Amino acid sequence: MSIPANLKYTKDHEWVSLEGDVATVGITHFAQKELGDIVYVEVETLDQTLEKDEVFGTVEAVKTVSDLFLPLSGEIIAFNDALESTPESVNSDPYGAGWMIKVKISNPAEIGELLSDEAYKELIGA
């Protein structure tokens with residue numbers, strides 16, 4: 001199972017890539033595998049400022065719908081529009097083409113609350 005060492009993780013199975021004060025967010029390989037075939041990703045919070053752990057969207061798989069939780073407080077500044085026509089990218093490339101949103105971070109101190117790759121591996125028993 002792929003768990004890139006250069007990313008941060010949440011207990012809710014989101015991954016975070018940091019570039020300055022912008023975080024790119026998606027769901028982990030573990031999460032997409034548990035959900036099954038992704039058929040739809042919905043994010044209606046573009047241009048909104050949300051607090052850490054608030055729901056920023058949903059991901060729909062063949063058998064279930066799951067909320068997506070914001071790993072860091074901030075303004076959602078981008079949505080991966082490609083997911084509208086190819087939501088299966090979340091399954092095939094969760095850490096690349098399957099990214100979901102970009103967030104302008106408003107509270108950098110929260111970064112320290114994210115999990116390292118080793119802590120995430122321990123969480124999921126990998």
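What follows is a tour of a predicted model, from its core out to its surface.

**Stop 1: the core.** Start by selecting Val 41, Phe 56, Met 100 and Ile 101. These residues have the most contacts inside the largest nonpolar core, which has 20 residues. Now colour β3 (22-27), α1 (29-35), β4, β6, β8 (74-79) and β9 (101-105): each gives two or more residues to this core. The largest share, three residues, comes from β6. Apart from this core lies another one, of nine residues, with Leu 7, Trp 15, Leu 115 and Ile 124 among them.

**Stop 2: Phe 56.** Keep Phe 56 on screen and show what surrounds it. Beyond its neighbours up to four places away in sequence, Phe 56 touches residues including Val 25, Leu 68, Ile 76 and Ile 101. Thr 45 is also one of its contacts, so let's go there next.

**Stop 3: Thr 45.** You'll find Thr 45 in the loop between β4 (38-42) and β5 (49-50). Is Thr 45 buried or exposed? It counts as buried, because its relative accessible area is 10%. Its side chain reaches the backbone oxygen of Phe 56 at 2.8 Å. Leaving aside neighbours within four places in sequence, Thr 45 is also in contact with Leu 50, Val 55 and Ile 76.

**Stop 4: the charged pairs.** Four salt bridges are counted in the model. Select Lys 52 and you get two of its partners: Asp 53, with the closest N and O atoms 3.4 Å apart, and Glu 113, at 3.2 Å from N to O. Lys 52 lies in the loop between β5 and β6 and Glu 113 in the loop between β9 and α3, so this pair ties together parts that are 61 residues apart in sequence. Glu 113 is exposed, at 52% relative accessible area, while Lys 52 is partly exposed, at 25%. Shared partners join Lys 52, Asp 53 and Glu 113 into one network.

Then move to helix α3, where Lys 121 and Glu 118 sit three residues apart, about one turn of the helix. Their side chains meet in a salt bridge of 3.6 Å, N to O.

**Stop 5: Ser 106.** Ser 106 is in the loop between β9 and α3 (117-124).

**Stop 6: the surface.** Finish with Val 39, Tyr 40 and Val 62, which make a nonpolar surface patch of about 280 Å². Val 62 lies in the loop between β6 (55-61) and β7 (65-69) and is exposed, with a relative accessible area of 60%.

Notes: Residues are numbered from 1 along each chain as its sequence is written. This is a predicted model: local features need pLDDT of at least 70, side-chain atom pairs count only at pLDDT 80 or more; totals for chains, interfaces and linings use all residues. Side-chain values use heavy atoms; hydrogens and water are left out. Patches are made of residues with over 30% relative accessible area and no salt bridge: like charges are joined within 9 Å, nonpolar side chains (Val, Leu, Ile, Met, Phe, Trp, Tyr) within 5 Å. Accessible areas come from the Shrake-Rupley method with a 1.4 Å probe; for residues, only the protein chains shown count as cover. Helices (H or I, at least four residues) and strands (E, at least two) are DSSP runs, numbered from the N terminus. Buried means under 20% relative accessible area, exposed over 50%, partly exposed in between (1.4 Å probe, protein chains only). A polar contact is a pair of N or O atoms within 3.5 Å; within protein, one must be able to donate a hydrogen and the other to accept it, and residues adjacent in sequence count only if both atoms are side-chain atoms. Contact means heavy atoms within 4.5 Å. A nonpolar core is a set of buried Ala, Val, Leu, Ile, Met, Phe, Trp, Tyr and Cys residues joined through side-chain atoms within 4.5 Å.
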